[in-house]
Amino acid sequence: MRKITLSNGKTVEVACLSCAITSNLIEPDGGIVFETEYFHAHQDVAYPIKGLIILASKRHIKCFDELTEIEKIDYIQLLSKIRKAQRDVLGIEYVYYFYNEDTTHHFHTWMLPRYDWMYEFGRSVESVRPVLLYARNKMNTKENIQEVLDAIDSLAKELNK
Ligand SMILES: [Zn+2]
C-alpha cells in the first residue's frame with residue numbers, strides 16, 4: 001500500500017492509484033471526464049493544471065504490448081477525441097503526452113496542455129517536471145482550482161454529448 005497526496009491535500013492509501021480511480025473507489029477532482037469499457041479519463045489528481053487529462057486503462061497492466069487489439073483501437077480513438085475536445089473547448093494549441101511503463105500505478109497517459117507560462121521552464125521534456133511542481137506548489141489557489149473544475153466540466157460535456 002502506498003500513501004498518495006491528492007491535489008486537494010487529502011491523503012489516500014491504495015495499492016494502485018489507477019485501479020482505485022478507474023474502479024471508482026476514489027473519485028478524482030471533478031469526477032469522470034469520459035470513460036469507455038476499457039479506459040477512464042479524468043483530471044490529474046495531483047496537479048491543478050486546466051485540461052491536464054489522464055487516460056488510464058481499466059485493466060491493471062503496465063506496458064504498451066499488454067494492450068489487447070480492441071484496447072489499442074479504443075486508446076488511439078480516445079486520445080484523439082480528448083485532444084480535439086481540449087482544442088475545441090479550451091483552445092489548447094499544443095499538448096505534451098507522457099507515459100512511463102515503470103509506473104507505481106498502472107497504464108496511464110498524461111495529456112499535458114502547453115500554456116504560455118510554461119515556457120519559462122523551457123521547452124520539451126525537460127520542462128515537464130518543473131511545470132508540474134510549479135502548478136502543485138503555486139497554483140493551488142481557490143480561483144485556479146475553480147478554473148480547473150470548470151474546464152473538467154466543459155470537457156466532460158463536450159465528450160459526452
Ligand atoms: Zn492498477
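Ser124 is exposed, as 7 other C-beta atoms lie within 10 Å (exposed denotes 12 or fewer such neighbours, buried 20 or more, and partly exposed the range in between, with C-beta atoms placed from the backbone). The structure is a predicted model, in which local features need pLDDT of at least 70 and side-chain atom pairs count only at pLDDT 80 or more, whereas totals for chains, interfaces and linings use all residues. Residues are numbered from 1 along each chain as its sequence is written.

Ser124 lies in the loop between strand 7 (108–113) and helix 3 (128–138); helices (H or I, at least four residues) and strands (E, at least two) are DSSP runs numbered from the N terminus. The phi of Ser124 is positive, near 65°, in a residue other than glycine. A positive phi of about 65° is also found at Asn24, which is not a glycine. Asn24 belongs to the loop between helix 1 (17–22) and strand 3 (32–35), and counts as exposed because it has 12 C-beta neighbours inside 10 Å.

Helix 2 (residues 69–90) and helix 4 (residues 142–159) have axes that come within 9 Å and cross at roughly 120°; axes are lines fitted to C-alpha atoms over the stretch in contact, with angles from 0 to 180 degrees between N-to-C directions. The two helices are therefore oblique to each other, a term for angles that are not under 35 degrees (roughly parallel), over 145 (roughly antiparallel) or 65 to 115 (roughly perpendicular). In helix 2, Lys81, Ile82, Ala85, Asp88, Val89 and Leu90 meet Ala151, Ser154, Leu155, Glu158 and Leu159 of helix 4, contact requiring C-beta atoms, placed from the backbone, within 7 Å.

Key: Two residues are in contact if their C-beta atoms, placed from the backbone, lie within 7 Å.
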